[in-house]
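Reader: I'd like to learn how to read a fold from its coordinates. Can you walk me through this one?

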Amino acid sequence: MTETALPAHPPLHILWQDEHMVVVYKPAGWLVHRTGLDAHETRFVMQTLRDQLGRHVWPVHRLDKGTCGVLVMALHKEAAQALAASFAAHETRKEYLAVVRGWLLGALEVDHALKPDDAPEDAPVQEAHTTLRCLSQLSWPESYDGRHAETRISLVQALPTTGRRHQIRRHLKHVAHPIIGDATHGKGPLNRWWAERLGQQRLWLHAKALEIAHPMSGEPLRFEADWSALSHVQEAQDWQKLLALPGWQAIA
């Protein structure tokens with residue numbers, strides 16, 4: 001059967017590459033690869049990168065469709081196996097940024113077991129741990145909730161030490177600070193309220209950095225999606241615009 005041709009998309013921004021692996025910036029709204037769960041989507045990192053490099057690529061981890069940021073792909077089978085093993089053994093360090101409802105105070109260690117979203121009721125839960133730290137807070141001078149004179153959001157650093165599906169999103173919901181724009185684990189009316197003020201409806205979750213050992217040499221590597229180096233990317237501009245709003249107060 002002939003594979004259906006996909007519409008052309010702009011090339012992906014490559015953060016780093018050698019003969020074994022490639023690190024790209026995944027835009028929000030893109031899937032890592034085809035899936036029947038989103039059959040009408042046409043933007044896939046795996047297929048676009050394959051065409052861009054002119055060679056096969058292997059996915060070794062995932063980012064949600066709505067999440068942007070650092071994504072690693074292997075360039076041959078042996079590298080794919082080594083990288084996938086690093087993720088499976090939790091030998092990587094992943095750093096995310098999220099904009100969340102309310103003011104998250106200080107730092108939290110969230111040790112809250114999860115089961116897959118689509119798992120049956122009797123499925124066992126899986127260990128899940130995330131470190132959360134508030135970086136900055138903002139009071140918006142309009143009231144979403146009539147009980148308060150203002151509406152609050154926080155910029156939060158999330159460091160997951162396990163890799164469960166939607167882990168950061170579900171852990172932030174668990175501590176009553178859902179991510180703005182999270183249609184599954186957040187509050188729809190609040191998401192729409194913020195979308196009107198920010199000019200767009202999106203998930204405000206960014207995979208900022210990833211530390212992992214090189215699949216062949218074992219050398220420790222750090223990759224970062226730095227907004228200043230991605231000024232041509234529209235959503236980088238969107239994040240910078242959000243974080244430049246007057247009133248943000250950094251947390252020591």
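Author: Happy to. Let's begin with secondary structure: the protein chain has 5 helices and 11 strands. Keep in mind that this is a predicted model.

Reader: What does the radius of gyration say about the overall form of the protein chain?

Author: The idea is to set the value beside what a compact globule would give. For 252 residues that would be near 18 Å, and the protein chain has 19 Å, so the two agree. Along the principal axes, the C-alpha trace spans about 55 × 40 × 40 Å.

Reader: How much of the protein chain is buried?

Author: Buried residues make up 46% of the 252. As for the surface, the protein chain exposes about 12,900 Å², with carbon and sulfur atoms supplying 52% of that.

Reader: And what share of the contacts comes from residues 24 or more positions apart?

Author: Take the contacts with a separation of 6 or more: 65% of them are between residues 24 or more positions apart.

Reader: Let's get to charges. How far apart are the mean positions of the positive and negative ones?

Author: There are 27 positive and 28 negative charges in the protein chain, and their mean positions are 4 Å apart. On to pairs: side chains of opposite charge can pair when their charged atoms come close. A search of the whole structure turns up 14 salt bridges.

Reader: Which residue forms a salt bridge with Asp51?

Author: That's Arg50, and the closest N and O atoms of this pair are 3.3 Å apart. Asp51 counts as exposed because its relative accessibility is 56%, over the 50% cut-off. Arg50, at 27%, counts as partly exposed.

Reader: Is Glu95 buried or exposed?

Author: Glu95 is buried, with a relative accessible area of 6%. Glu95 forms a salt bridge with Arg93, where the closest N and O atoms are 3.6 Å apart. Arg93 itself counts as partly exposed, at 34% relative accessibility.

Reader: Which parts of the chain does the pair of Glu224 and Lys208 link?

Author: Start with the bridge: the closest N and O atoms of Glu224 and Lys208 are 3.8 Å apart. The pair links distant parts of the chain, as Glu224 sits in strand 10 (residues 220-224) and Lys208 in strand 9 (residues 205-213), 16 residues apart. Both ends are partly exposed: Glu224 has a relative accessible area of 34%, and Lys208 is at 23%. Salt bridges with shared partners then join Arg93, Glu95, Lys208, Glu211, Arg222 and Glu224 into one network.

Reader: Where does Thr92 lie?

Author: Thr92 is in the loop between helix 2 (77-88) and strand 5 (93-101). Leaving out residues up to four places away in sequence, Thr92 touches Ser86, Phe87, Leu210, Glu211 and Ile212.

Reader: Where is Val60, and which residues does it touch?

Author: Val60 is in the loop between strand 3 and strand 4, and it is buried, with a relative accessible area of 10%. Beyond four places in sequence, Val60 touches Val72, Ala74, Ala80, Leu83, Ala84 and Phe87.

Reader: What do the buried residues of helix 1 pack against?

Author: In helix 1 (residues 45-53), Val45, Met46, Gln47, Thr48 and Leu49 are buried. The buried residues of this helix pack against strand 2 (21-26), strand 3 (58-59) and strand 4 (68-74). After helix 1 comes Gly54, with a positive phi near 70 degrees.

Reader: Which residue other than glycine has a positive phi?

Author: As background, most residues other than glycine have a negative phi. His90 has a phi near 60 degrees, a positive value. His90 lies in the loop between helix 2 and strand 5 and counts as partly exposed, at 37% relative accessibility. His166 also has a positive phi, near 60 degrees. His166 is in the loop between strand 8 (151-160) and helix 3 (167-174), and at 11% relative accessibility His166 counts as buried.

Methods
Residues numbered from 1 in each chain as written. Predicted model: local features only at pLDDT ≥ 70, side-chain atom pairs only at ≥ 80, totals over all residues. Heavy atoms only, no water. Salt bridge = Lys/Arg side-chain N within 4 Å of Asp/Glu carboxyl O. Buried < 20%, exposed > 50% of the residue type's maximum accessible area, 1.4 Å probe, protein only. Helix = DSSP H or I, 4+ residues; strand = E, 2+ residues; numbered from the N terminus. Contact = heavy atoms within 4.5 Å. Rg over C-alpha atoms; globule rule 2.2 N^0.38 Å. Areas by Shrake-Rupley, 256 points an atom, 1.4 Å probe, with all protein chains shown as cover. Lys, Arg positive; Asp, Glu negative; His and termini not counted. Charge placed at Lys NZ, Arg CZ, Asp CG, Glu CD.
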